[in-house]
Amino acid sequence: QAQLVESGGGLVQAGGSLRLSCADSGNLFSAYSMAWHRQAPGKQRELVAGISNADFTNYANPVQGRFTISRDDAKNTVYLQMNSLKPEDTAVYYCNQGSFSAVLTGTGTSWGQGTQVTVSS
């Protein structure tokens, strides 16, 4: 089973940018779809964006036009570029791996440990 490690979170002011990374220690990364989910305090985990193994992407409405998901199969890494950040983007961000339909619903087989993103107003 893949081990996924997220990085890149931190504290940023509203309007700022961050880039999250999720690295896979396994050797089958290119075969899988990936997605980013987030969970804010007191709320359910929700989809942020997903990318298939053929680079098809899907975004949640709240982040459409501000966030970009991408992948580098040579580096076994998926990225989430987050621009124009808002306080409501504050959450722990997790990556999920599996089939495209599974990761879009948060039911992929592997999860990372999460990285905290805090956006101050």
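Me: What makes two strands a pair in this predicted model?
Reply: At least two DSSP bridges between them. Strand 2 (residues 10-13) and strand 11 are joined by four bridges, so they count as paired. The two run parallel. Val12 stands opposite Val119 in strand 11.

Me: How do you know that strand 9 and strand 11 pair?
Reply: Three bridges join them, and the cut-off is at least two, so they pair. Here the strands run antiparallel. Val92 stands opposite Gln116 in strand 11.

Me: What makes strand 1 (4-7) and strand 7 edge strands?
Reply: Four strands form an open sheet in the order 1-3-8-7, with antiparallel pairing. Strand 1 and strand 7 each have a single partner strand, so one side of each lacks a neighbour in the sheet. Neighbouring strands are turned by 15° against each other on average, direction ignored.

Me: How do you know that strand 7 and strand 8 pair?
Reply: Six bridges link them in the antiparallel sense. Asp72 stands opposite Thr77 in strand 8.

Me: Why is the set with Trp36, Leu80, Met82 and Tyr93 called a nonpolar core?
Reply: The term needs buried residues of listed types, joined through side-chain atoms within 4.5 Å. This largest core has 26 residues, and those four have the most contacts inside it. Strand 3 (18-24) and strand 4 (33-39) are among the elements giving two or more residues.

Methods. Residues are numbered from 1 along each chain as its sequence is written. This is a predicted model: local features need pLDDT of at least 70, side-chain atom pairs count only at pLDDT 80 or more; totals for chains, interfaces and linings use all residues. Side-chain values use heavy atoms; hydrogens and water are left out. Buried means under 20% relative accessible area, exposed over 50%, partly exposed in between (1.4 Å probe, protein chains only). Axes are lines fitted to C-alpha atoms, for helices over the stretch in contact, and angles run from 0 to 180 degrees between N-to-C directions.
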